[in-house]
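Visitor: I have a structure to look over. Please walk me through a few of its local features.

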Amino acid sequence: MNEGLGPLADGLAELLGDERGARVLAHLQRLAVLADEPGARSDPSPRRDRLRVGVWEPRRVDGGIAWSRTPSAGREWRFWADVDTIGPKRTVRVVLLGESTARGYLFDPELSFAAVLQSALEAAAPRMGLEVVDLARSDLTLQQLARLAPALPGFQPDVVVLFAGNNWANFEVGLEDLDLFAGALRRGGVAEARRLAVDERLPRQCRSLLLLLRECLRPAGAKLVVVVPEFNLSDWRPDPTVGAPLLPEAGAAGAAWTSSREAVVEALAAGEARTAARLAEDLVRLDGGTSAASAHLAARAAVALSDEDAARRWFQRARDAPCGTFVPHTPRCPTILQEALRAGAAEHGFALVDLPRVFAHAAGALPGRRFFLDYCHLSFDGMATAAGAIASEVLGLLSGAARANGQVGARKQPPAATQAVAHLLAAVHNAHHAQPDEILRHHCEMALACDPGIAEDMEALLHAQCGRRELWLAPSFERFLSRPLAARYLHPEDGRTARLADFALIESMVEALEASGTALRPRVQDALIAQHGAGGGRDLVDRRYRRTTAGERVQEGIPGPTYVRANDVRSMFYLVSSPEPGPVRLSLTARVPGAGPGERVDVRLVLAGRAVARVRASSRWETYDVDVPAGVLHRGVNRMILEWCAAAPRAAGSLEAAARQLERGEFPDVLPVFGEVYSLRS
């Protein structure tokens, strides 16, 4: 061994061991990766998987080419259509491209959107013999969609339907983009990074994809139908665990934003809609349009004023706000992308199905739970309405007569049991995104209305939720997974079987079952108290006892603190009580990072809408005894809120620190921090 290597390695480690060295190393690693990308070198060896499209490989059969599902792609099967073989073309062929909405998410695999479209086409043109080939994939990215385009001629389509766009606005930064976004943060903060990501990149990427599809389909003479996705504007609520995404350079604005938001909430509660509308517009100006919460409050004020046009505009701004802000959010198609899809269709002469207009015409109101199961995934009514409009355009292209988004034909209803399970899964999905209790009850009640037999599944799910084992170990949960829809949604690789604070979901199922005549509350309460009851030394920081959302759980996979950061003025925890005959003592270890030297900040404990205790926290970690007075806790589940009364939140990082995180390939810290909890023990 060369003895000179040791000192050389030690010297290099010393040079790279600080912040500047880490940035240098990150740049060197990115240069190496970019220089070694597949496109930068030739690879003459033919590989079989290059012929694969999705999970299917081509093979010659009598009469043409068939596509067979390959076992080598077995782990991906669940993302695609549950179809073993796509046979040779025998009749007029429609190919469906898209994401989870086009898959029929929460109905799939028992009912796919392609099957609903097939039914609509058959009802309108029973003698044409149309065939829908389903190439929609859950979690499909823009890049994956672009890689599918050159393979389309192999399926010999007459018409291709592009039903995508909900996944394009999730913040994806390639290695070559890191410096661009770091520079944007330095120049203009989160708002400038958002402008670069959304206003500039999305329309450009959309134009490139539509041009690629045009070039790939032109030799085959296939037509294209572009579908503009819609969002659940009226019923979807922004992530309640995320406040305004402001960095410390806007610290004063952050304090003003926090107090102004409270004033808007109070005005709405008092029925002062005009005051709330005026204050909400000021709120949006303070955060530069980067907070969904402020735009959503403005929309609520417009609804209270019966101004539907203003409500639509504000709900759309609330939908668009988190896109490009380094804050995880649910899939959605923002306004600028919807406009780019419309413009691209007009430019290339593609047929267009504009779902925002289709749904507005069908409902005469803002889109909500009638058409949606969650944020963007469609109910059966939503799928049937969308499929009818798409079928009309497809048939117009094939006959040479435009139909202008008219509706066609009657659609066959899916089995009642399928709709019931889909609504029950929607309740689970909405619960895991911290949606309002009323939405959870709606889906539980809809499930029972579709099929009273779903009560057995609800009881099985309740039994698993109230047991001591992990969900995936509970026999009743395993029985629920015998439903194909449940098995696909609750797949273990998707991380949805971990125990969470599902108390709102449990209560919604209990209420729905009670309304249908099944009394379970005493048994459920006894089981919850036995498992979670106060006095057991439980730490409420555990995910089983605090409100979490999918976005927060995404961030848990990113290196960061092992304690809870409060990104809003309120943090919700759940405490299960027997109750105790006397006061209940809690032990809280917390700090308020934004507190100044020697400053003490109130942290209030709120139960049943009133403050029952408080501590005076500082910027240092300290442990406090908190006594909950006797008689405050009720038997069963109690929602407990910590209110952080800091005058100004502190950001987890600065603009410069966030830019450097990006340069190192890390997810930047942009959210405000109102307080932090290391433990909260009962």
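This is a predicted model: local features need pLDDT of at least 70, side-chain atom pairs count only at pLDDT 80 or more; totals for chains, interfaces and linings use all residues.

Guide: Helices and strands here are DSSP runs, numbered from the N terminus; a helix (H or I) has at least four residues and a strand (E) at least two.

Visitor: How are H14 and H15 oriented to each other, roughly parallel or roughly antiparallel?
Guide: H14 covers residues 416–431 and H15 covers residues 437–450. They pack at an angle of about 165 degrees, with axes 8 Å apart. Angles over 145 degrees count as roughly antiparallel. H14 and H15 are therefore roughly antiparallel.

Visitor: How many nonpolar, polar and charged residues does the contact of H14 with H15 have?
Guide: On H14, the contact residues include Gln-419, His-423, Leu-424 and Asn-430. On H15, they include Ile-439, Leu-440, His-443 and Met-446. By class, the contact has 12 nonpolar, 4 polar and no charged residues.

Visitor: Which strands are the edges of the open sheet of 4 strands?
Guide: The strand order is S10-S15-S12-S13, with antiparallel pairing. An edge strand pairs on one side only. The edges are S10 (570–577) and S13 (610–617).

Visitor: Which residue in S15 stands opposite Leu-605?
Guide: S12 (residues 601–607) and S15 (residues 636–644) run antiparallel. The two strands are joined by 5 bridges. Opposite Leu-605 stands Leu-642.

Visitor: Where is the cis peptide bond that ends at Pro-109, and what is its omega?
Guide: Pro-109 sits in the loop between helix H3 (100–103) and helix H4 (113–124). The cis bond runs from Asp-108 to Pro-109, with omega near 10 degrees.

Visitor: What does Gln-156 count as, by relative accessibility?
Guide: Gln-156 is in the loop between helix H5 (142–148) and strand S6 (159–163). Its phi is near 55 degrees, positive in a residue other than glycine. Buried needs under 20% and exposed over 50%. At 41% relative accessibility, Gln-156 therefore counts as partly exposed.

Note on methods
Residues are numbered from 1 along each chain as its sequence is written. Side-chain values use heavy atoms; hydrogens and water are left out. Axes are lines fitted to C-alpha atoms, for helices over the stretch in contact, and angles run from 0 to 180 degrees between N-to-C directions. Angles under 35 degrees count as roughly parallel, over 145 as roughly antiparallel, 65 to 115 as roughly perpendicular and the rest as oblique. Contact means heavy atoms within 4.5 Å. Ala, Val, Leu, Ile, Met, Phe, Trp, Tyr, Cys and Pro count as nonpolar, Asp, Glu, Lys and Arg as charged, and the others, Gly among them, as polar. Two strands pair if DSSP finds at least two bridges between them. Buried means under 20% relative accessible area, exposed over 50%, partly exposed in between (1.4 Å probe, protein chains only).
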